[in-house]
Amino acid sequence: MDGVSLNTDPVVDDDADADEFEIEGDCGMAKCISQSGVIQGENPLPPVVGMEFDSYEDVYYFYNCYAKEQGFGVRVSNTWYRKTKERYRGKLSCSSAGFKKKSEANRPRPETRTGCPAMIKFRLMENKRWRIIEVELDHNHLISAISGKFYKSHKQLGIGTKRALHLDSAEEVQKVRLFRTVVIDVEGNGSVEVSSGEFRSSHNQTSQLRLKDGDAQAIHNYFSHLQLIDPNFFYVVDLNEKGCLRNLFWSNTRSRVAYGYFGDVVAVDTICLTDKYQVPLVSFIGVNHHGQSVLLGCGLLAGDTIEACTWLFRAWLTCMLGRPPQVIITDQCRTLQAAVADVFPRAFHCLCLPRIMQKVPEKLGGLYEYESIRMALNNAVYYSLRPEEFEATWEDMIHHYGLRNHVWLQMLYEDRRQWVPVYLKEIFLAGMLLTRPNEVVESFFAGYLDKHTSLKEFLDKYDQALLANHQLEVLADMESRNSGFMLQSRCYFELQLAKLYTNNVLRKFEREVEGMYSCFCTRQINGEGEVITYTVREQTEVDGNRRECRDFEVLYNATEMEVLCVCGLFNFKGYLCRHALSVLHQNGIEEIPPQYVVSRWRKDIKRSYVLNHSNGGIDINNPVHRYDHLYKCIMQVVEEGRKSEVRYKDTVQALDQILRKLNLVEAKNWKIRRRLNVLTIEFINKNQKIEAQKRFVSSENQTDGIDPTIPINATVITASLAAPAGNRTR
């Protein structure tokens with residue numbers, strides 16, 4: 001990013017390169033800035049290792065603005081050049097750095113430098129951006145923001161000087177103030193805390209978001225609202241060096257908790273970027289126990305660069321406490337592929353098959369014999385059962401239609417192990433990768449977001465989309481728990497899973513049970529060792545309009561109760577296929593083995609969409625900690641109480657009892673405080689009476705010549721007064 005970037009590329013110091021040379025001292029930087037003009041404003045960030053900028057001049061401007069705020073001047077200590085006169089490295093220092101050379105003049109000027117160590121070093125990276133590689137913030141002299149305007153480097157930053165912004169007529173210079181924001185580099189490069197930054201729109205789409213009238217205020221209002229109602233609402237902003245908003249990520253509590261249940265497979269929807277929507281939205285999507293889409297986070301990107309995608313993925317991973325998914329699905333895009341490889345190196349990266357096949361008319365539509373090519377491609381992709389079968393079918397298509405030099409097909413073939421179903425049978429995909437012809441991926445925000453929807457309109461509809469999704473899940477939960485599933489058959493397998501699985505998943509599994517009746521000629525072809533090989537013949541529909549008989553190979557291990565079909569449906573969808581069920585049925589197995597009963601589809605598992613925090617770290621003396629902890633606890637009660645009418649009534653009754661108890665405690669405490677006040681007043685009055693009595697006795701003694709400094713015993717005085725005059729003692 002122009003301000004802060006979550007990059008982890010190694011920085012190599014190649015000062016010793018023979019093709020490079022160094023120049024010390026100021027090199028007209030202020031003059032260069034003066035000619036182009038500057039923006040007067042406050043920097044929200046101190047310099048941090050990893051910050052990136054578009055140009056050398058931008059680094060100087062950023063550090064100079066920071067220096068003016070802090071109250072010190074800036075000078076260019078060193079600039080390294082290549083033999084081509086291209087700058088590749090620089091060092092900016094405090095104006096008090098180093099010492100002046102000794103002068104032999106009769107009246108030399110006094111020394112003003114102190115050898116101050118404050119400085120930044122930066123260099124040109126391979127992506128043609130300048131990155132800060134070393135920072136020293138401490139000074140060895142006093143600095144004051146008041147004196148900042150007296151330094152030479154700041155004279156070009158006078159009040160009122162502005163850089164011209166070329167804005168369209170429909171745009172405005174927007175400002176939005178966000179707070180309590182942290183940009184975190186999960187690779188360990190540190191963090192940057194932003195306390196109060198201003199974000200502005202600009203014509204440069206790659207360096208900041210293009211905001212229209214009302215968009216910035218909508219972001220501010222929506223995020224402020226969510227922070228008030230959701231203590232665990234998470235967001236991260238990416239700023240450039242001028243404090244302008246470039247990238248943004250956010251996620252609410254429900255999404256963060258849902259990831260704990262359904263985070264094994266995650267799809268990244270970038271359709272808004274590829275189709276040039278007004279809202280550059282990127283969505284992280286999972287699938288819940290009903291097979292419904294569930295939102296796991298959202299982001300806005302100013303551009304589809306590797307840096308932006310990498311930043312977004314790291315922000316999302318930070319939100320999910322550093323737990324990467326097992327599988328991540330994206331569009332076929334070199335930018336996304338590079339970012340996924342960087343941030344999720346251990347996750348299996350799949351490419352979205354339906355999106356690839358949707359591009360076929362665009363990429364191949366102009367070819368001669370397009371329809372024949374399309375059918376050949378579908379046959380290779382959807383109906384190959386083994387890798388070698390796909391390879392042979394693909395090669396026949398390429399050779400027969402003369403497509404050897406077609407660039408897009410070459411790229412598809414290179415990535416075949418990430419999107420062709422025959423290569424993905426060992427990867428559990430939970431039904432998120434659609435593997436049948438004519439299947440279309442529907443956006444999570446379908447009906448709420450299109451190409452012409454503005455950011456303000458989208459944020460207004462955002463909660464409606466989430467609410468509709470939550471209601472669908474609640475209705476599906478109630479249906480699965482309270483109403484029995486109408487079984488179409490009396491198959492043992494269906495009876496077993498009807499007690500465990502949600503109704504939506506059961507409906508899909510029911511198709512496989514019904515498909516068992518279209519399977520015939522299940523025969524054993526190999527029985528050596530513990531693993532037995534069967535072939536199951538089935539009449540299948542090919543290319544939508546014709547049927548043919550196909551043989552499916554099924555491996556069965558009776559000892560381990562393992563069954564594996566060549567069609568790979570279990571890993572694709574999360575339940576056994578008709579071919580595997582036929583083999584189990586033939587071997588007299590009446591229940592599906594437990595390893596094929598997937599917990600993510602079960603309806604008897606309690607899923608509470610409240611972050612579960614332990615009491616550790618709660619400071620009961622801190623009112624903010626008390627509030628947050630009580631809020632999380634009460635939200636758990638709300639989640640349980642909403643599930644039925646009986647629970648609702650019990651919850652309301654229990655809450656009433658808690659309130660009455662708290663009121664009684666408060667009343668009791670008030671009585672105690674009142675009694676303490678009364679006792680305190682009585683004690684004070686009693687002490688005042690005693691002091692008054694002492695003062696009275698003291699004054700009487702002084703009249704009789706008694707030394708007032710000597711302690712007087714009231715008993716002795718009384719006795720002496722009662723004694724005869726001759727026996728009285730003092």
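This is a predicted model: local features need pLDDT of at least 70, side-chain atom pairs count only at pLDDT 80 or more; totals for chains, interfaces and linings use all residues.
A nonpolar core, as I use the term this morning, is a set of buried Ala, Val, Leu, Ile, Met, Phe, Trp, Tyr and Cys residues joined through side-chain atoms within 4.5 Å, where buried means under 20% relative accessible area, exposed over 50% and partly exposed in between, with a 1.4 Å probe and protein chains only. Residues are numbered from 1 along each chain as its sequence is written, and side-chain values use heavy atoms, with hydrogens and water left out.

Let me begin with the chain as a whole. Of its 730 residues, 45% count as buried, and there are 20 helices and 21 strands, these being DSSP runs numbered from the N terminus, with helices taken as H or I of at least four residues and strands as E of at least two. If contact means heavy atoms within 4.5 Å, then residues 24 or more positions apart account for 64% of the contacts with a separation of 6 or more.

Now to the cores. The largest nonpolar core has 79 residues, and those with the most contacts inside it are Ile329, Trp419, Tyr501, Leu576 and Ile592. Helix α10, residues 370–382, gives the most to this core, with seven residues. Apart from it lies another core, of 34 residues, among them Leu209, Leu211, Ala218 and Leu449.

Which residues does Ile592 touch, if we leave out those up to four places away in sequence? They are Phe493, Gln496, Leu497, Phe509, Leu576, Leu581 and Val597. Ile589, which lies in the loop between α17 (578–586) and α18 (623–641), is buried, with a relative accessible area of 16%. With the same exclusion along the sequence, Ile589 touches Phe493, Tyr556, Met561 and Leu584, and its C-alpha atom is separated by 9.0 Å from that of Tyr492, 97 residues apart along the chain.

On annotation, an unreviewed UniProt entry lists residues 552–588 as "domain: SWIM-type"; the positions are given in the numbering used here, feature names are shortened, and annotations may be inferred rather than shown by experiment. Over residues 552–588 the chain is 38% helix and 27% strand, with the end C-alpha atoms 20 Å apart.

Turning to the strands, eight of the nine residues of β3, residues 74–82, are buried, so this strand is largely enclosed by the rest of the structure. Seven bridges join β3 to β4, residues 87–94, and the two run antiparallel, strands being taken to pair if DSSP finds at least two bridges between them. Trp80 has Arg89 in β4 as its bridge partner, and β3 and β4 form a hairpin with four residues between them, where Lys85 in the turn has a positive phi of about 65°.

Helix α4, residues 253–262, is likewise largely enclosed by the rest of the structure, because eight of its 10 residues are buried; the buried ones include Arg254, Arg256 and Tyr259.

Finally, the cysteines. With a disulfide defined as a pair of cysteine sulfur atoms within 2.5 Å, the count comes to zero. Cys116 is in no disulfide, and the nearest cysteine sulfur, that of Cys94, is 3.9 Å away. At 5% relative accessibility, Cys116 counts as buried.
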